[in-house]
Amino acid sequence: MPQYVTVSTVPGATVIAVNGPLKLGHPALDELHRFCCTPGSPGESLVVLDMENVPGIDSSGIGVLLQGHTTVQNRGGGCVLLRPNHVVREVLQVVGLTRIFKIAATLPEAMRSAVSDTQQRRTGT
């Protein structure tokens, strides 16, 4: 059985790489939901969701992203989307999620963005 979600850690963050569309009925969506939407999931407070190999997303995928974002924030952490393609980015922009999610082109940029966002929430600035 193919693996659609891979979880790894780098110093200070959990990186969740998705390989497949985040669409209703696709196993990538179900696997991502299990990894990032479980309250109290182990891992760092900073989560980087690598979307380089996500060819598309629908409303179900958006729902899982929002659930994961809320779960991470409730743990005091931050979430950054890494390398979404133009199709996914356009969908996120149309539904207004580019105001909620930080988007980064590289892992170091994602780490800086997540740390900055987390510090701003903690200080209320």
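Reply: Helix α4, which covers residues 107-123, contains Ser 113. Helices (H or I, at least four residues) and strands (E, at least two) are DSSP runs, numbered from the N terminus. The model is a predicted one, in which local features need pLDDT of at least 70, side-chain atom pairs count only at pLDDT 80 or more, and totals for chains, interfaces and linings use all residues. Residues are numbered from 1 along each chain as its sequence is written, and side-chain values use heavy atoms, with hydrogens and water left out.

Ser 113 is buried, because its relative accessible area is 17%; buried means under 20%, exposed over 50%, and partly exposed in between, with a 1.4 Å probe and protein chains only. Not counting residues up to four places away in sequence, Ser 113 touches Val 80 and Lys 102, where contact means heavy atoms within 4.5 Å. By contrast, Gln 3, in the segment before β1, counts as exposed because its relative accessibility is 54%. Over the chain of 125 residues, buried residues make up 42%.

An open sheet of 5 strands has the order β1-β2-β3-β4-β5, with mixed pairing; two strands pair if DSSP finds at least two bridges between them. The edges are formed by β1 (5-10) and β5 (102-104), each of which has a single partner strand, so one side of each has no neighbour in the sheet. From one strand to the next, the twist averages 25°. Within the sheet, β2 and β3 pair in the parallel sense over 5 bridges, and Thr 14 has Val 47 in β3 as its bridge partner. Helix α2 lies across β3 and β4 and runs at about 145° to β4; axes are lines fitted to C-alpha atoms, for helices over the stretch in contact, and angles run from 0 to 180 degrees between N-to-C directions.

The interior may be described next. A nonpolar core is a set of buried Ala, Val, Leu, Ile, Met, Phe, Trp, Tyr and Cys residues joined through side-chain atoms within 4.5 Å. The largest such core has 24 residues, and those with the most contacts inside it are Leu 22, Leu 32, Leu 49, Met 51 and Leu 65. At least two residues of this core come from each of β2 (13-19), α1 (27-36), β3 (46-53), α2 (59-74), β4 (78-82) and α3 (86-94). Another core, of 9 residues, lies apart from it and includes Ala 13, Leu 82, Ala 110 and Met 111. Leaving aside neighbours within four places in sequence, Leu 65 is in contact with several residues, among them Ile 57, Leu 81, Leu 92 and Phe 101.

Leu 65 also belongs to the lining of the largest cavity, together with residues including Ile 16, Cys 36, His 69 and Cys 79. On a 1 Å grid over the protein atoms alone, a cavity is a set of points where a 1.4 Å probe fits but cannot get out, and lining residues have an atom within 4 Å of a point. The largest cavity holds about 60 Å³ of space, a volume being the space filled by probe spheres set on the points. Helix α2 gives the largest share of its lining, 4 residues.

Notes. On a 1 Å grid over the protein atoms alone, a cavity is a set of points where a 1.4 Å probe fits but cannot get out, and a pocket is an open set with protein on both sides within 12 Å along at least five of seven lines; lining residues have an atom within 4 Å of a point.
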